[in-house]
Amino acid sequence: MEPSRTVAAADPAFRADVLAGLAAPIPAVPARWLYDRRGSELFEAITDLPEYYLTRTERALLERHSPDVAQIVGKDDAVVEFGSGSSAKTPILLRAVEPSAYVPIDISGDFLRDSVDALAGQFPHLPIHPVEADFMHPITLPSAVSALPKLGFFPGSTIGNMVARTAVDLLRAMKDTLGVGAWLLIGMDRIKDTDMLIRAYDDAAGVTAEFNLNLLRRINAELDGTIPVDAFRHRAIWNDRMSRIEMHLEATDDVAFTVSGTPFSFRAGETIHTENSHKYGLRDARLLLRAAGWGLCQEWTDEADSFALILAEAEAPRFAP
Ligand code: TRP
């Protein structure tokens, strides 16, 4: 028996993405569908894994360098967090920068309420203006913060989950949202030893595998699927040409199943691509930011140079030779 789960009403966008994605020449399902309630819980568990150095390293960098950030950007800014999610790292930054306002932006109203509740308790005098929106598009910020200098915050190497073209679109949208002269504090994971990267995305306890396989369970539960989940296994692959970790679900046998009545078949060894996590070298990261109009201000890394915390400034357009 499967553990009991709350069956959500079928989301037409989920169905459309899965039916189109499974039928594509290179089967792939957009990563956003990994994050139902169970997926989000599993992801939280991933961030605590010994192999998953990212969260730990970024938190240490924030603890060490938030005072430097405050020194550069000054106090009394509005801190604008993109995809605030559970906002676990935000208090470290807020304590150092002492902002005049905090604007968490998230597409999920539930996550937004959680993060507001969590922070309101810790910062009782901080005005919080949540915005429920898709930050891939420019957003009009609440009028209460329009006159304040802005510090954008985008931790977690989430930028790495986008292909470069989409990442640049997002960074440009952030610049449009925050305005020229604004700051952006962004976390980016670095290129490193392949084994260390793969271990971070294929942990010994199997939590990341469960996170990935949860997509198939979700398809079965919400889209009336008959996928034999046991006939798939989690794979984390380093794609060197693309400079990214890829997560796939690989068929271990020839399988046939239906989703919402539509038949699909996979040969043993064929995969469903479910997530990318791009890694950036020092100059790659700078170029990505520059391509979207963000000038490098300061960058901090850990001893092993495994993760970078980067402060950038939104540049005014200017003539170039
Ligand atoms: N941005 C993080 C990363 O790429 C978070 C993340 C997204 C993640 N999808 C994931 C972590 C899948 C582990 C597995 O690492």
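A residue counts as near a molecule if one of its heavy atoms lies within 4 Å of it. In this predicted model, 15 residues surround the ligand, and the closest are Tyr 52, Asn 161, Tyr 201, Glu 275 and Ser 277. Sorted by class, that shell comes out as eight nonpolar, six polar and one charged residues.

Taken on its own, the ligand has 350 Å² of accessible area, and the protein covers 97% of that.

Now for strand E5, which spans residues 183–189 and has seven of its seven residues buried. Cover is found on both faces: Trp 183, Leu 185, Gly 187 and Asp 189 are buried on one side, and Leu 184, Ile 186 and Met 188 are buried on the other.

E5 also has strand partners. Strand E4 (residues 150–154) runs parallel to E5 and is joined to it by four bridges, with Phe 154 standing opposite Ile 186. Together with helix H6 (residues 164–178), E4 and E5 form a right-handed β-α-β unit. Strand E12 (residues 307–314) pairs with E5 too, this time antiparallel and through seven bridges; here Met 188 faces Ala 308.

How values were computed. Residues are numbered from 1 along each chain as its sequence is written. This is a predicted model: local features need pLDDT of at least 70, side-chain atom pairs count only at pLDDT 80 or more; totals for chains, interfaces and linings use all residues. Side-chain values use heavy atoms; hydrogens and water are left out. Accessible areas come from the Shrake-Rupley method with a 1.4 Å probe; for residues, only the protein chains shown count as cover. Ala, Val, Leu, Ile, Met, Phe, Trp, Tyr, Cys and Pro count as nonpolar, Asp, Glu, Lys and Arg as charged, and the others, Gly among them, as polar. Buried means under 20% relative accessible area, exposed over 50%, partly exposed in between (1.4 Å probe, protein chains only). Helices (H or I, at least four residues) and strands (E, at least two) are DSSP runs, numbered from the N terminus. Two strands pair if DSSP finds at least two bridges between them. A crossover is right-handed if, with the strands pointing away from the viewer, the path from the first strand over the helix to the second runs clockwise.
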